[in-house]
Amino acid sequence: MKYDFTSEINKAFDTLSAGGLILYPTDTVWGIGCDATNPEAVKKVYTLKNREDSKALICLVANQAMLERHVKNIPDVAYDIMDFATKPTTIVFDNPLGIAPNLVAEDNTIAIRVASDKFCQYLINNFGKPIVSTSANISGFPTPKSFNGISPEILKGVDYVVNLPDENKDPKPSSIIKLSADGQVKVIRE
């Protein structure tokens, strides 16, 4: 089957711009995404996942420059972690900027990962804003290992399903590391 990468970027971009939800392949697992700066779009993700909005979601950015626009102070160690990580690593930062309030955790932190997947990088770069990336499952149910494992409820609940192949042969959620402004480092998920 032939996939049209540019067409998929454009369709996902249009859906995100309209405040809709996309289902898309990431550098980890298939994800549900939306504009991370749009509180109404973020609310739709929580509703679809049957998840409390007190449980923060992960955002993806295209590059470190975009990260710097959405986090007030990035500790130097964050750059080392991003440069030397051997697998996708999400970092929880203090004091996010320009992110939907219902995406920010109660302790004023945000979980952000610089996307390493080509599709995600192109999409986010074109979109010009971070996008949400949360596993494509109802809260409390297992994360699907492939597109075929995604429930009909999720498939019907998004506005656009990106038509790209399952290229990640060993999908796993990202590592999560919390970096506090005071220099503390805490591993949340290996």
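Mentor: A polar contact is a pair of N or O atoms within 3.5 Å; within protein, one atom must be able to donate a hydrogen and the other to accept it, and residues adjacent in sequence count only if both atoms are side-chain atoms. The model discussed here is predicted: local features need pLDDT of at least 70 and side-chain atom pairs count only at pLDDT 80 or more, while totals for chains, interfaces and linings use all residues. Residues are numbered from 1 along each chain as its sequence is written, and side-chain values use heavy atoms, with hydrogens and water left out.

Trainee: Which side chain is joined to that of Thr109 by a polar contact?

Mentor: Thr109 lies in strand β5, residues 109-114; strands (E, at least two residues) and helices (H or I, at least four) are DSSP runs numbered from the N terminus. A polar contact of 2.6 Å joins the side chain of Thr109 to that of Asp107.

Trainee: Is Thr109 buried or exposed?

Mentor: Buried means under 20% relative accessible area, exposed over 50%, and partly exposed in between (1.4 Å probe, protein chains only). Thr109 has a relative accessibility of 5% and therefore counts as buried.

Trainee: With which residues is Thr109 in contact, leaving aside its neighbours within four places in sequence?

Mentor: Contact means heavy atoms within 4.5 Å. By that criterion, and with those neighbours left aside, the partners of Thr109 are Val92, Phe93, Asp94, Pro96, Val104 and Lys178.

Trainee: How many salt bridges does the structure hold?

Mentor: A salt bridge requires a side-chain nitrogen of Lys or Arg within 4 Å of a carboxyl oxygen of Asp or Glu. Applied to this structure, that criterion gives a count of three.

Trainee: How many residues apart are Asp27 and Arg113?

Mentor: Asp27 and Arg113 form a salt bridge whose closest N and O atoms are 2.9 Å apart. Both Asp27 and Arg113 are buried. Asp27 belongs to the loop between β1 and β2 and Arg113 to strand β5, a link between distant parts of the chain whose separation in residues is 86.

Trainee: Which residue forms a salt bridge with Asp35?

Mentor: Asp35 is buried, with a relative accessible area of 5%. The closest N and O atoms are 3.0 Å apart, and the residue paired with Asp35 is Lys129.

Trainee: How far apart in sequence are the parts tied together by Lys178 and Asp107?

Mentor: The side chains of Lys178 and Asp107 meet in a salt bridge of 3.8 Å, N to O. Lys178 lies in strand β8 (residues 175-179) and Asp107 in the loop between β4 (89-94) and β5, so the sequence separation of the parts is 71 residues.

Trainee: Which residue caps the N-terminal end of α1?

Mentor: Helix α1 covers residues 5-17 and reaches 18 Å from its first C-alpha to its last, close to the 18 Å expected at 1.5 Å a residue; the expected span is 1.5 Å times one less than the number of residues. At the N-terminal end, a side-chain oxygen lies 3.3 Å from the backbone nitrogen of Thr6, and the residue that supplies this oxygen is Asp4.

Trainee: Which residues of α1 are buried?

Mentor: The elements that cover this part of the helix include β1 (22-25), β2 (30-33), α5 (118-127), β6 (131-135) and β7 (160-161). The residues of α1 that are buried are Ser7, Glu8, Ile9, Ala12, Thr15 and Leu16.

Trainee: Which strand gives the most to the lining of the largest pocket?

Mentor: On a 1 Å grid over the protein atoms alone, a pocket is an open set of points with protein on both sides within 12 Å along at least five of seven lines, whereas a cavity is a set where a 1.4 Å probe fits but cannot get out; lining residues have an atom within 4 Å of a point. The largest pocket holds about 540 Å³ of space, a volume being the space filled by probe spheres set on grid points joined across faces, edges and corners. Of its 31 lining residues, the closest to the centre are Arg51, Ala56, Ile58, Ile176 and Arg189. The strand that gives the most, with four residues, is β5.

Trainee: What is the volume of the largest cavity?

Mentor: A search of the whole structure finds one cavity of 30 Å³ or more. Its lining includes Lys72, Phe93, Asn95 and Leu179. The volume of the largest cavity is about 40 Å³.

Trainee: What is the phi of Asn95?

Mentor: Most residues other than glycine have a negative phi. Asn95 is found in the loop between β4 and β5 and, at 27% relative accessibility, counts as partly exposed. Although Asn95 is not a glycine, its phi is positive, at about 55 degrees.
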